[in-house]
Every structure is written in structure tokens, then in C-alpha cells.
Amino acid sequence: MPTPIDPKAPAVSAVCKEDSQLRQKRMIAEHYHRLAGCPGSGEKNAYTFVPGNLTELLRSFDLLPVLPEINALQSAMRGKSREYIAVAEKLGHSEDVCTYVKCDLGMMKSGNVGPTGERLPDPDLLLLSYTGCFTFMKWFEILKEEYSCPVAMLHVPYQADGVVTEEMRRYVVAQLKEKIIPALESVSGRRYDEDRLREMLALSARAEDDLVAVLESAKHRPSPIDAYFGGVYYIGPIFTAFRGTPEAVDYYRTLREEVEERKRLNLGPVTPDGAVDRERFRLVVEGPPNWTSFREFWKMFADEGAVVVASTYTKVGGVYDTGFRHDPSRPLETLADYCMGCYTNLSLPSRVDMLSRYVKDYDADGLLVNSIKSCNSFSAGQLMILREVEKRTGRPGGFIESDLVDPRYFSAANIKNRLESYFQMIEQKRMHAVH
Amino acid sequence: MRSPAGPEGELGKIVGIAEKLYRDTALGSVREWKGRTGSLAVGFMPVYIPRELLHAQGVLPVGIMGGGDNLEIIRGDAYYQSYICHIPRSTLEMGLDGSLDVLDGMIFPATCDVIRNLSGMWKLQFPHKLSFYLDVPQDFDRGIGGEFYGRALMDLSRALTARGARPYEAASLRKSIALYNANRMQVESLFDLRRREPWKVPTSELYLLLRAGQVLCVEDFTKLLADYGEALEADTTRRMMDQARVVVTGSFCEQPPLGLIRTLERSGCYIVDDDFVQVHRWIRGPIRETADPLDALVEAFLDQGVDSPIRFIAGGEKGSELVRRVRCAGAEGVVFCAASFCDPALLDQPMAIKVLEKAGVPYTAFKFAENNGQFQVIREQTGTFADSIKLWSDEGNRHADAH
Ligand code: SF4
Ligand code: SF4
């Protein structure tokens, strides 16, 4: 039974920055700074993607990863995406297609200035390692025309039947051995060093243990974290440039300690406007967040005491809570399994299973879908997912629509209205359950 | 200009048969075929599947291309947001209204994220039917992508057998490959003729034939094409008009309504190349008939597949294939005709446009949905485009390449 709550009482209290947040900020700034220095330092980089990324492998060759999706989302958070998207549309890109691509292109055409205000280096390699979305392929075909650098392509099979078969694994490993590693060797001028890769994979596994502990802390009531809005910060280092590094291990250890402390003290999650002190609704959220109005969006939840206890977006760069860990004893196979296991590489039935399990395991009030206009990979099929999860869990579903980085598609009033009716629906359900 | 009522005589009869098949979203001909043969029929989504393999196991491959403008969407819209292309919703509609009951399953080729997700939706919605996702490699090396694809074909074969199809046999696959090769030749000869004398083979007719080929067994389809070819030869009424020769591109998956194709022709364009109903021409040239037939299928996929937005192009310049097609068809311009919200087509377009501009090929672009009913705006746009080609291109050179 949920604890009775005074709906009039404010849900959020004062702001406080935690050590992990500061640490992450520093790590990311240093990374971008290092990237900006590449032309001078001679360090090399590879542009690649978040889902199915091969960070450890890249780093074992001393290559620095650049992630265009992250640049796009950062541009949106800095209020630049409208202008960048306009640049891409002026170049003939349709208003119908993925806005990440257009935002990234617009940024590139406008001087390729990254989130820290420094210019990003041109790629030494386009490493088309991706899962779960065909648009990534198009994206690099477009970039390939802009830069004169080699392209290495890792095609990752889709988990259509909900399993990774030996054949699928063999296919990915063969590409790693015969295509990706030689490309990395040639760009970096270094030989493939499997021992170094193993060490990095071991570090990844340690960080992954702590990440899972953090995400699973949301099973506690009240949840000490928000697994969607807060979650995107938690996954930052491990999904991007830091997997396989000691910094990531330290970051996740610190984060875990903080979260465990909050759990012990029965504190709610921290938001940019303060901590959520009164958890009124526990939600599972499917789909990526909106980045252009991220803070406003989060506030709509926090003000109502709505805490997201599990989300699928935090699994795009790897699903770890079902037990997968990078395994140093089988380095290439484990990378293959990792790539194939990312959330958007799972079939619709697997996504339904996962979401239904989350609703039950995290004792959530229901599933809320944020459907992203320009992302077919996530969005096509979400209405069916919603219906199925409602059917299986008996808890109500809610549906809102926005976009990742195109501010034209974020209607605050509309989303707020829909959220309010959804929360009312949950309340009504509760009343029925009590009487 | 020809009368909108369509061709008469033998030609009219053949085109009429094809149009009837095209309009029958309830797949009456497939029902009839199944009743007659007692065999399985399995649907597939655009763009490509190895039809030869299905045929060899006694299965009728049935190309499902959405509902076009023949279908009222009642349930399908409840499954899709407005910003997703139309074909998955009309396909689901057909599934839900029982039109596809005659099918023993569906194959979903790796085309794009929408089709990929639809494969899972199908599993949830029709748990008792076969729902097979055919993952095709984007790596085109024999030992890597080829291995993977070969295994995918065997998986497909086993899945069909598990549903009651004949088990795989190399000899019968060899025969099927030969039948499809003959069919590809027939298709290609009509495309050739259209390239040379487009007034003889209006695209709206050729399109209907290709659509008929989606529901007919290959033997009957080849015969239909041959009959059409003969009727064309006998026809003396079709005369060349001063129309602009264009390549239409971008509609490889969701198909434009027939009315739109007719509108393009009526607005003064001869369509001399296109990517409609792509499966019939996805493999360029014949598939080898001598080797291990499964290997031959794999090889054809790796080496003979056409450049398409759904295929990763590692080397070369994206769009240069389009310029080659323009040249080879003696076309004077390109019409980009992509389904709204079709990511693969729309993301490719700017790259192709850049190459066209470099090559000095004029183009125009619009988007459609398969159930569009109003073509006036498109007619004006392509009419102006055709006029500008006719007015501004060097008269002496017009049509020179095509002959
Ligand atoms: S379509 Fe979606 S998953 Fe694909 S690149 Fe765009 S935002 Fe990412
Ligand atoms: S029309 Fe385009 S986006 Fe839609 S299913 Fe076909 S290929 Fe995919």
C-alpha cells in the first residue's frame, strides 16, 4: 500500500550538489578538453555511437571516443539545437527525420564546437558500431561524405527472437577480428593488445556492479533516485567515454555510496530544484527524455512527487540488471554480447517483458511512455507496448509525446495536462483499491 | 493523351487482371492458390526476401505492400502515432481485419526500424502464426556477412518446414532459381522496352503487373508478363509524345497510390526507371544456376544487390548509382517520391541531390502517403518540372541517350 500523502504539501526541498555530480562534470569537461587538444597533442579519436559502443576496445588503442548523439543532446541542453536543426534543414534534410542527426550535422556545419565551447576534432575514424537503429548507418554515410577518414562498420544482428545465438555472436566476433581491429590498428598505429583489453573489461565489470546497485536502489520506498531524469546522469560515464577506466570505477563507487546513504536515511531523489521529499507516484518510463526542456520536464514530475523508479532509456547503452557483465575471460565474445544486448536491440516482446517486470519488481503505479517524434527505433510500436504492459500488470498506462532535441515538438502545456490526467487516473485506481 | 479509361483489347484485358489482383487486399487469388495446391503461403514485407527458397519448399511468397488507397484504416491507426509512415498501420489493419488470415506467416526483412519493430508486434498480435525476422548482413564479405546470411537462410528454411512446408532440397532450389531467373529476364525486358520506348509501356501498367507478381506464383507471373509483352508487340496504337523522361526514386517500401503514378505520367513525365516493388529487381542479373544453390543465393545477395537506402554503401559516393541509372535510362531528370516519415529514403535524399547537382541533373521532390487521394499539387509540381525540362534542355540532345 502506498503511504498516504498530503497532496498540497510541496514535493521538493532545497538543492544540493553531490560529490558524484561534481566528479562527473569534471570527468566530462576533461574529456572534451582532451578532444579539443587532439590536433596539437597528436591523440587520435573515433566518432562512434552509444548503443553498442566499443569504448574499451577503442581505449585499448588509445583512441578517444566522440559520440555524436551526446553532442546533439548537449547542444539541446545548451539551447543550440533549434539553430542547428535549421542549418541541416536548409541543407535539404527533411523535417521528418531523426533530429539527432540534424542537430549533429548543424553543429558540424557551424564550426563543430562541443559542449565546453571548444572545437571538436575531425574524426580519424568513423566507427559505425551501433545497435538497434538503422538511422545510425545513414548518419555515418552522411558524415562519411563530410570527412575524408576511414569508416569501419560493425553490423550487429537484431535480437528478434529474444536471444543471442551462437551464430549471431560468431558473426559479430568475425567482424571485430577481421574488420574493426585491423581498422583500429591502422588508425592508431598500435597493435591489438588483448591483455590490455582484458584489464579494461575487468574495470568495466566493477563499475557495472555499482551501476546496477544504484539503479536497483529504486526498489526501496521512497526511492533514493530518479531512474529516468536522474538516471541519465548516472549512466553518463559508463555509456560514453569512460567504460573500462579507473575514473568510471571511482565514480560509480562514490555514487553508490551516496545513494545507499540516501536510502538509509529514507531520502528521495535529488533534482536540479531540490530533493523530492514526498514520493507520491512511482512510475516506469519507456522512451528517451526530451533534452530541450529537460529541466522543465523533470520539474513537472518532481512537483507532483512523481518519481521514476525504472526506465528503459537507462538501458540503451547496455542492459546490466539482468546479469550481463563485461567478461575479461572472453574479450571479443563479451563485446559481441554487450552490443547485441542493448535495449533498442531487443524485440518488442522482450521490451514488453522487461517493462512488465519493472512495473512489478519496482512496485510502480504504472507505465508512462514518452514517445519521441523523430525516433522510429523507440517509437514505432510503443502504443502496443503500452497496451500489453497494462494488460499484464493491471496498472494504468500513460502516453505523452515530445522530441529529443527539436524544441518545436515540446508542448509544455499539453504534456502537463496529460501528466495531470494520468496522475489522476492513478489516484482513482488507488481509491478503488482501498474501497 | 491516352484516355484515362485505360488500354483496350488484349492489353486492356491483361492490365485489368493485374489491377484486379492489385485491388484485392483480401488476397482472394492466394486463397484460391492455396485451395488448389494445399500448400503454404507466407507474406513478406518490402523490400527483399529470397523468394526462391520459399518456392523451392512449395511455399507461395506473397508480397504485402500495405493497403494503398484501397483500405479504410479503422484499427491500425490506434497502433501508430501520426509521425510514423503509413505502411505498418495498413499492414496491421489487414492483419486485424482478417485479410491476411490466409497467410501461414509473415517474413519481416531487415529494412528499417519500423519493419523491425513490426516483426515483434506481429509476434504479440498473432502468436499462432509464423513471424520471421530476416536479418540480412550489412557486411558483404563472403566469409563474414555471407556466412551469417547463409545461416539465416537455413533458419528460415527450418522455420518453414516446422510450419508444414517441404524440407529444403538443393535440387528443387536449383529449379526455383532457374524459374526466378527467367522471371527476372521477363521483368528486365519490359524495363528495357520502357527505357527505349516509354510510350509503349506506361509505368502505371508495368507497376500493376509487378504488383500482380506479388500475389501470383512465379510461373503464372512470368506468363502474365510474356502475354503482356506479346500484346504490346501487337499493339500499333501507342505513339510517342513529347514528355520529359524521368527516374522516380524513393518509393522502395511504402508504395505511392496508383493514382499518383498515373498523375506523374499525365503531368508530362515518362517514368523510365523507378524503384517500385523492388523485390523483382533487387538482384541484378541472373543468380548462378550451377553452384550450390544456397551459396548462389547468398552470393547474389552480397554481390548483385542494388544500391538502396537500406543497404550500407561502404565505398564510392552515395547517389552516384542514381546518376548512373539516370544516364543509362536516358533520363532528363529525377523525381524524389518518398513516403512521409520514411527515414531511409529521406536521409539518403540530400546525399543523392548533391551528386545530381554536380552532374547537372535536374530534380524535384515531394512526399506522399500510400492513401493520399489528392494529387493536384503534385500534378502542378511535376508538370512544371516536365515543362522546364522540355523548355530548357538542349532540344537536339533530348532522347539522344535512349536510342
Ligand atoms: S532514430 Fe532514435 S535511436 Fe536512432 S539515432 Fe535517432 S534518436 Fe537515436
Ligand atoms: S516506408 Fe520507409 S520507414 Fe516506413 S517501413 Fe518502409 S522503409 Fe521503413
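The shell around ligand 2 holds 10 nonpolar, 1 polar and 2 charged residues. The model is a predicted one. The shell has 13 residues, and those that come nearest to ligand 2 are Cys85(B), Cys112(B), Ile115(B), Cys253(B) and Cys342(B). Helices supply part of this shell. H5 and H13 of chain B are the elements that give it two or more residues.

Chain B also touches chain A. The contact involves 53 residues of chain B and 58 residues of chain A. The size of an interface is often given as the accessible area lost when the parts come together. Here, chain A and chain B bury about 4700 Å² between them. Carbon and sulfur atoms account for 59% of that area.

In a salt bridge, the side chain of Lys318(B) meets that of Glu141(A), with 2.8 Å from N to O.

Three helices of chain B each give at least two residues to the side that touches chain A: H5 (113-125), H6 (142-162) and H13 (343-359). H5(B) gives the most, with 10 residues. By class, this side of chain B has 27 nonpolar, 15 charged and 11 polar residues.

H5 and H13 of chain B contribute to the shell around ligand 2 and to the side of chain B that touches chain A.

How values were computed
Residues are numbered from 1 along each chain as its sequence is written. Chains are lettered from A and ligands numbered from 1 in the order in which they are written. This is a predicted model: local features need pLDDT of at least 70, side-chain atom pairs count only at pLDDT 80 or more; totals for chains, interfaces and linings use all residues. Side-chain values use heavy atoms; hydrogens and water are left out. Contact means heavy atoms within 4.5 Å. Buried area is the accessible area (1.4 Å probe) that two parts lose on being put together, summed over both. A salt bridge is a side-chain nitrogen of Lys or Arg within 4 Å of a carboxyl oxygen of Asp or Glu. Helices (H or I, at least four residues) and strands (E, at least two) are DSSP runs, numbered from the N terminus. Ala, Val, Leu, Ile, Met, Phe, Trp, Tyr, Cys and Pro count as nonpolar, Asp, Glu, Lys and Arg as charged, and the others, Gly among them, as polar. A residue is near a molecule or strand if one of its heavy atoms lies within 4 Å of it.
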